[in-house]
Amino acid sequence: MVRHFLTGEELAQDELSALLDRALELKAGRNSGEGANALAGRSIALVFEKPSTRTRVSFEVGVAELGGTPLILRGDELQLSRGESVGDTARVLSRYVHAIVVRAGSHDVVAELADGATVPVINGLTPEHHPCQSLADLLTLHERFGDLDGVRVAYVGDGNNVARSLAVVGGVAGVELRVASPGGYRIEPGLAALDTDDPREAADGADAIYTDVWVSMGDEAEAKRRRADLARFQVNAELLAAASERAIVLHCLPAHPGEEITEDVLYGERSAVWDQAENRLHAQKALLELLVR
Ligand code: CP
Ligand code: NVA
């Protein structure tokens with residue numbers, strides 16, 4: 001049966017744990033060609049309706065390193081942009097390629113694509129979910145702290161796609177997620193271990209402090225209001241001082257230094273964001289190995 005990866009809930013705890021270990025093997029063996037034939041003879045469509053640096057490049061490079069052929073398809077280049085249905089696009093792409101990675105402006109598009117496809121569909125970001133990002137987040141935490149069960153992560157800022165996926169996928173791994181967001185910017189109740197509007201409460205003793213942009217793709221019309229509402233939720237040296245001595249700083253990027261994170265923290269010695277960005281590659285290679293037949 002074809003397996004999709006749309007919200008991250010599709011992976012059981014043991015599969016997630018095996019995937020992260022495999023990602024570490026792929027990372028360690030990258031220069032010696034570990035996994036080099038996993039996607040031999042396979043083509044993977046990478047559909048992007050929105051801009052991307054990390055997701056696009058890490059998937060394109062990852063597919064190539066696994067011996068497959070990546071096909072970058074911009075939404076506006078497909079007949080989808082001229083009214084061809086998502087279902088028909090899914091049916092046709094499934095006759096050519098062995099998996100579809102898609103970044104879309106609506107989660108319904110990704111869900112509909114998965115409904116129509118007979119090959120795995122991987123969510124490369126929607127306004128609601130960003131599960132591939134969470135795999136890299138967990139891989140970075142696993143590298144630094146080993147066992148993820150009980151690792152305390154404070155997410156401070158907009159309760160957006162990145163926060164929601166971290167709660168969902170981190171929950172599978174046993175991560176203790178605390179989210180600090182203002183009213184109106186919260187993820188759904190019960191998804192995180194702690195839900196607060198006090199960044200200090202979330203950061204207290206945490207092993208990692210995580211933030212993301214205040215203005216996500218699609219939120220541009222509300223930019224001014226968002227910056228004002230989220231101003232108190234900046235990740236800075238003072239907030240970091242409330243975390244554990246071993247705490248690292250995470251950000252999915254792109255960052256806006258001076259807004260959601262200060263420059264000293266983003267580029268400081270506790271920052272793990274560049275490893276986190278690199279880990280997109282290794283985690284997604286492990287995901288492709290798991291899903292693509
Ligand atoms: N973190 C992330 O998904 O980055 P891109 O938007 O550059 O893909
Ligand atoms: N929350 C951000 C993440 C970008 C990787 C957005 O959706 O634009």
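Mentor: On a 1 Å grid over the protein atoms alone, a pocket is an open set of points where a 1.4 Å probe fits, with protein on both sides within 12 Å along at least five of seven lines. A molecule sits in a pocket if more than half of its atoms lie within 2 Å of its grid points. Here, ligand 1 takes up the space of the largest pocket. This is a predicted model, in which local features need pLDDT of at least 70, side-chain atom pairs count only at pLDDT 80 or more, and totals for chains, interfaces and linings use all residues. Residues are numbered from 1 along each chain as written, chains are lettered from A and ligands numbered from 1 in the order written, and side-chain values use heavy atoms, without hydrogens and water.

Trainee: Which residues are around ligand 1?

Mentor: A residue is near a molecule if one of its heavy atoms lies within 4 Å of it. Around ligand 1 these are S52, T53, R54, T55, R103, H130, Q133, C252, L253 and R280.

Trainee: Which side-chain atom of H130 lies 2.8 Å from an oxygen atom of ligand 1?

Mentor: A polar contact is a pair of N or O atoms within 3.5 Å. For H130, a polar side-chain atom is 2.8 Å from a ligand 1 oxygen. T53 uses a backbone N or O atom, 2.6 Å from an oxygen atom of ligand 1.

Trainee: Which residues surround ligand 2?

Mentor: They are L125, N160, N161, D212, V213, S216, M217 and L253. A polar side-chain atom of D212 lies 2.6 Å from a nitrogen atom of ligand 2, and a side-chain N or O atom of N161 is 2.8 Å from one of the ligand 2 oxygens.

Terms used. A polar contact is a pair of N or O atoms within 3.5 Å; within protein, one must be able to donate a hydrogen and the other to accept it, and residues adjacent in sequence count only if both atoms are side-chain atoms. On a 1 Å grid over the protein atoms alone, a cavity is a set of points where a 1.4 Å probe fits but cannot get out, and a pocket is an open set with protein on both sides within 12 Å along at least five of seven lines; lining residues have an atom within 4 Å of a point.
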